[in-house]
Amino acid sequence: MHDDTVCTRWRYGVLIVDADVVRVERQLREGELACPSCGAALGPWGHGRPREVRGDLGARFFVRPRRSRCSGCQVTHVLLPEVIWPRRADAAEVIGTGLEIAALGMGHRQVAAHLGLAEGTVRGWTRRFTSRAEDVRRYFTVALVALADDPVMPDPSGTPLADAVSAVVAAHRAATTKWSHMNAVSRWEFAGRAITGRVLTCSLPAS
């Protein structure tokens, strides 16, 4: 697992970092963020294009990701705050809420109506998550065992999607017990940080 001073890697030069812009700026200027390719310090390198993100209850906010450049290999990376996931127009918490509702047995139309989003958008989330649900369940079960002194395994939920959601919830609960600062991180932000933003895309990192 990663603490709040360590960025994690996603494909295509995107790094998942803390949502606190001031903290990330300080980390960049003090050389505390390391290049995932060579390990050298990352430094400030302008900004990416602003993007609009849909938040909870219809709220919308803009994110202008910081860019960084490695002092060693000179590769540039976009620093994406953990509140959003790569290639998604909705906040991590919104997508996670949709997955939790789907885990209760509701179809994508009901989930979409509850969130006020397009059915196709929600159908895409649930299909992608379901297709990788066993990998997600396995990864966060391993994380739970590593984090908890006396881990309690979630009971089978009846579907792969629900089992994966239960594993994320249990691992996050263990993380908040182990590290007090994780109480300020929602479980789906935690999930994105733990698996480098790849909740709905790409293969998972090694456990």
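**Close-up views of a predicted model**

**View 1. Gln74 is found in the loop between β6 (66-70) and β7.** The structure is a predicted model. The phi angle of Gln74 is near 70°, a positive value in a residue other than glycine. Is the residue buried or exposed, or does it fall in between? Gln74 has a relative accessibility of 38% and therefore counts as partly exposed, since the partly exposed class lies between under 20% for buried and over 50% for exposed.

**View 2. Arg87 occupies the loop between β7 and α2 (92-103).** Although Arg87 is not a glycine, its phi is positive, at about 65°. The relative accessibility of Arg87 is 61%, so this residue counts as exposed; the cut-off for that class is over 50%.

**View 3. The largest pocket has a volume of about 260 Å³.** The elements that give two or more residues to its lining are α1 (21-29) and β7 (76-81). Which element supplies the largest share of the lining? That share, 4 residues, comes from α1.

**View 4. The lining of the largest pocket consists of 15 residues.** Those that lie nearest the centre of the pocket are Ala19, Val21, Arg64, Arg66 and Pro81. Sorted by class, the lining contains 10 nonpolar residues, 4 charged residues and 1 polar residue.

**View 5. The chain contains 7 helices and 7 strands.** What order do these elements follow along the sequence? The pattern reads β-β-α-β-β-β-β-β-α-α-α-α-α-α. Contacts between residues 24 or more positions apart make up 57% of those in the chain with a separation of 6 or more.

**View 6. The C-alpha trace of the chain spans about 50 × 40 × 30 Å along its principal axes.** A compact globule of 207 residues would have a radius of gyration near 17 Å, and the chain agrees with this expectation because its own value is 17 Å. Of the 207 residues in the chain, 45% are buried. The accessible surface of the chain comes to about 10,400 Å², and carbon and sulfur atoms account for 50% of that surface.

Technical notes: Residues are numbered from 1 along each chain as its sequence is written. This is a predicted model: local features need pLDDT of at least 70, side-chain atom pairs count only at pLDDT 80 or more; totals for chains, interfaces and linings use all residues. Side-chain values use heavy atoms; hydrogens and water are left out. On a 1 Å grid over the protein atoms alone, a cavity is a set of points where a 1.4 Å probe fits but cannot get out, and a pocket is an open set with protein on both sides within 12 Å along at least five of seven lines; lining residues have an atom within 4 Å of a point. Grid points are joined across faces, edges and corners, and a volume is the space filled by probe spheres set on the points. Ala, Val, Leu, Ile, Met, Phe, Trp, Tyr, Cys and Pro count as nonpolar, Asp, Glu, Lys and Arg as charged, and the others, Gly among them, as polar. The radius of gyration is taken over C-alpha atoms; the globule rule is 2.2 Å times the number of residues to the power 0.38. Buried means under 20% relative accessible area, exposed over 50%, partly exposed in between (1.4 Å probe, protein chains only). Contact means heavy atoms within 4.5 Å. Accessible areas come from the Shrake-Rupley method with a 1.4 Å probe; for residues, only the protein chains shown count as cover.
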